[in-house]
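Here is a friendly walk through one protein model. Have the sequence and the 3D view open beside you as you read.

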Amino acid sequence: MADLGLSLGIVGAYLVLALGIGLLAYRLTSNEAEDYYLASRSMGTVVLLFTTFATLLSAFTFFGGPNLAYGAGPEWILVMGLMDGILFAILWYVVGYKQWLVGRTFGYVTLGEMLGDRFGSTTLRALVAGVSLFWLFPYVMLQQVGGGQALVGLTDGAVPYWAGAALITVFMILYVVVAGLRGVAWTDTLQGVFMLGVVWVAAAWVVTGAGGLSAVGAQLATEKPDFVALGGGLYSVQWMIASAVTIAFGVTMFPQINQRFFVARDDRVLKRSFALWPVLVLLLFVPAFLLGSWAAGLGVAVPEGGNVIPALLNEYTPAWFAALVIAGAMAAMMSSSDSMLLSGSSYLTRDLYRPLLNPDASETKEGWVARLGVVAFAVLSFVASLFVAGGAGGGGFDLLVSIGDTAFGGYAQLALPVMVALYWARTTRLGMIAGILGSQAFYLAHVFGSLPATYLGWDYALYGMALSLVLTVGVSLVTTAAPEEKAARFTDSDALQAD
């Protein structure tokens, strides 16, 4: 009982601290939509880097990734820690820097708004928002599932799943509604620093308790010799390349990440951020995935459906530290979910409500509609999470889980058409619509149909991306281009830099 009280006290203290930061940010946040969504494009390097870091590297860092390393070895570090870290940093420059220039010049808040204005198309704007929300909703729901299950595991069931998920949801709604992106970014910075610190302390504690690094490595080589050999099994070269590409390109189109391309104070902030990104990713993923691999070598038993990190820490660290790590895991989940709620709300209000229902809405009214959107999005995803976690609802909720699990590939289908639009003035509205619809249809047919998972050994998501490029360019070549003045100004980096 004492351990339970301590564990809940640690988690509760963190939640209260996060809410306090949100209330502080509220005092600096206006009712205008741009300030609520983008913090008036005023972020510096540290906050931008850590809010992107914490938003992106969610529960996967503490649960999904280490579990994968526990079952198949640590080489996922090559995908997420090295290949993907470098590839996303490059895309942050290629896509993010250009988006920042365009957003600063024209005042865009969302990707759909940017593309809709570029091609003078409300249809394209709504299409981008619809596709983005389709993949976003179940991903928010899965974060709530993870948070609720983490509290169940921490308290040995004393806190039921529904109560844990509800607690997280209520706290997220409170500080997202009152504080907007400024509060989210500040709490993300806290969460990012916390994640880094706790995972390194956990790695050091386990190594010390297990007899030192050489002893842990020797036991891993004895018990799991395939874990210390590069390649083979799940980690084929084609699988690693396909995973790195789809994750990096998908992340670039995730609403909560893509919107951060608009928020830097100046170009120096952007350049420092994407230069430091691979270093930060390695600092987090190396210890996290090593913990999962070490647990396999040390013979740590993980309950069916359970997570390796809590099981490992329960054996090698005191209860209070295990609770602290669970608080870190919840921080990771919340730092993803809060940003997803805010971005999802911006897509609902900016790309659907404003152009389709109330084009003359004031900035203040839109800001309040956005807050209502956060509440609605959070409550709906919470209700869905109850059915998913409880096994109810049949195939409909299994469908939500499938969508969440394949969201990276779904977002990756948007990336190449967006890149073409940013750099090629000849791109047309019909070319963009064809590229987006065609690749999404191809990808969904593979996700939910009985089509092959690979062609010539390569994941179908890569073929969908290639299809999006062919359709966007091909249809653009045979259709009428956007107005020359808008297209030329939009794609001319020198002119944008001069503005």
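What percentage of the 499 residues of the protein count as buried? The answer is 57%. Please keep in mind that this is a predicted model.

**The overall picture**

The protein has 21 helices and two strands. Among contacts between residues at least 6 apart in sequence, 85% join residues at least 24 apart. Ala13 belongs to helix 1 (residues 2-26) and is partly exposed, with a relative accessible area of 46%. As for the surface, the protein exposes about 18,300 Å², and carbon and sulfur atoms supply 67% of it.

**The nonpolar cores**

The largest nonpolar core has 142 residues. Those with the most contacts inside this core are Met114, Leu115, Leu124, Trp277, Leu291 and Trp294. Helix 8 (residues 161-209) gives the largest share of the core, 18 residues. Another core, of seven residues, lies apart from it, with Met141, Val145, Ala165 and Ala166 among them.

Leaving aside residues up to four places away in sequence, Leu115 touches Leu124, Val128, Val418, Ala421 and Met432. Leu115 is also one of the buried residues of helix 6, a helix (residues 111-118) that is mostly covered, with seven of its eight residues buried. The buried set is Leu111, Gly112, Glu113, Met114, Leu115, Gly116 and Arg118. After helix 6 comes Gly120, which has a positive phi, near 60 degrees.

Met432, one of the residues that Leu115 touches, is among the buried residues of helix 18, as are Gly431, Ile433, Gly435, Ile436, Ser439, Gln440, Tyr443, His446 and Val447. What span should helix 18 (residues 429-448) have at 1.5 Å a residue? Its 20 residues should span 28 Å, and the end C-alpha atoms are 28 Å apart, so the two values agree.

**Aromatic rings**

A search of the whole structure finds 19 aromatic pairs. One of these joins Tyr93 and Tyr97, a stacked pair with 5.7 Å from centre to centre and 10 degrees between the planes. Both tyrosines lie in helix 5 (residues 76-106), four residues apart, about one turn of the helix. In general, an α-helix has 3.6 residues a turn, so residues three or four places apart point the same way.

Tyr455 and Tyr463 make another pair: their ring centres are 5.4 Å apart and their planes stand at 75 degrees, so this pair is edge-to-face.

| Residue | Relative accessible area | State |
|---|---|---|
| Tyr93 | 42% | partly exposed |
| Tyr97 | 9% | buried |
| Tyr455 | 28% | partly exposed |
| Tyr463 | 30% | partly exposed |

Tyr97 counts as buried because its 9% falls under the 20% cut-off.

Ring pairs also link Phe50, Phe53, Phe88, Trp92, Phe261 and Trp277 into a cluster. Finally, a charged residue meets a ring: Lys98 lies over the face of Tyr423, at 4.1 Å from the ring centre.

Key
Residues are numbered from 1 along each chain as its sequence is written. This is a predicted model: local features need pLDDT of at least 70, side-chain atom pairs count only at pLDDT 80 or more; totals for chains, interfaces and linings use all residues. Side-chain values use heavy atoms; hydrogens and water are left out. Rings of Phe, Tyr and Trp (its six-membered ring) pair if their centres lie within 6.5 Å; planes under 30 degrees apart count as stacked, over 60 as edge-to-face and the rest as tilted. Buried means under 20% relative accessible area, exposed over 50%, partly exposed in between (1.4 Å probe, protein chains only). A charge sits over a ring if NZ of Lys or CZ of Arg is within 6 Å of the ring centre and within 35 degrees of the ring normal. Contact means heavy atoms within 4.5 Å. Accessible areas come from the Shrake-Rupley method with a 1.4 Å probe; for residues, only the protein chains shown count as cover. A nonpolar core is a set of buried Ala, Val, Leu, Ile, Met, Phe, Trp, Tyr and Cys residues joined through side-chain atoms within 4.5 Å. The expected span of a helix is 1.5 Å times one less than its number of residues.
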